[in-house]
Amino acid sequence: MNLIADEKRVVEAFGEAEERNGVYGTWARELSIRDVQKRVRELFPRGTGEVVLTVLCPEEGYVAFLRDTGEWARYTPLRHLAWLAEG
């Protein structure tokens, strides 16, 4: 899965951060989504509900957005995005 965030420190919690166009990303091949959620909660122990991380998982066919509480803000199957791209 690919993890993308505005804050470099968020991405660095999962691996080496690569900056592109003002945002940071990394590949997290060894982690499960539960691992990612747990680490986000550890980074933000007093979460406010702000979306802090984009998770792109082509292997499982989704893109999702995580809040600083580790909870999903939005989950979208990639087939929905493909439908929009064809339109």
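## Thr26 and its surroundings

In this predicted model, a polar atom of the side chain of Thr26 lies 3.0 Å from the backbone oxygen of Glu16. Thr26 belongs to strand 3, which spans residues 23-27, and it counts as buried because its relative accessibility is 9%, where buried means under 20%.

Apart from residues up to four places away in sequence, Thr26 touches Met1, Asn2, Leu3, Val11, Phe14, Gly15 and Glu16. One of these partners, Leu3, is itself in contact with Thr26 and, among others beyond its neighbours within four places in sequence, with Val11, Phe14, Tyr24, Val36, Leu53 and Val55.

## The largest nonpolar core

The largest nonpolar core holds 19 residues, and those that touch the most other members are Met1, Leu3, Phe14, Val36, Val40, Leu53 and Val55. Two or more residues are given to this core by each of strand 1, helix 1 (8-12), helix 2, strand 4 and strand 5, and the largest share, 4 residues, comes from strand 4.

## The two faces of helix 2

Within helix 2, which runs over residues 33-43, the residues Val36, Gln37 and Val40 are buried. They lie on the same side of helix 2 because they cover an arc of only 100° around the axis. The face turned away from this buried side carries Arg34 and Glu42, which are exposed.

The buried residues of helix 2 pack against strand 1 (2-5), strand 4 (51-57), strand 5 (62-67) and strand 6 (72-77).

Terms used
Residues numbered from 1 in each chain as written. Predicted model: local features only at pLDDT ≥ 70, side-chain atom pairs only at ≥ 80, totals over all residues. Heavy atoms only, no water. Buried < 20%, exposed > 50% of the residue type's maximum accessible area, 1.4 Å probe, protein only. Arc of directions from axis to C-beta. Contact = heavy atoms within 4.5 Å. Polar contact = N/O pair within 3.5 Å; in protein donor to acceptor, adjacent residues only side chain to side chain. Core = buried A, V, L, I, M, F, W, Y, C linked by side-chain atoms within 4.5 Å.
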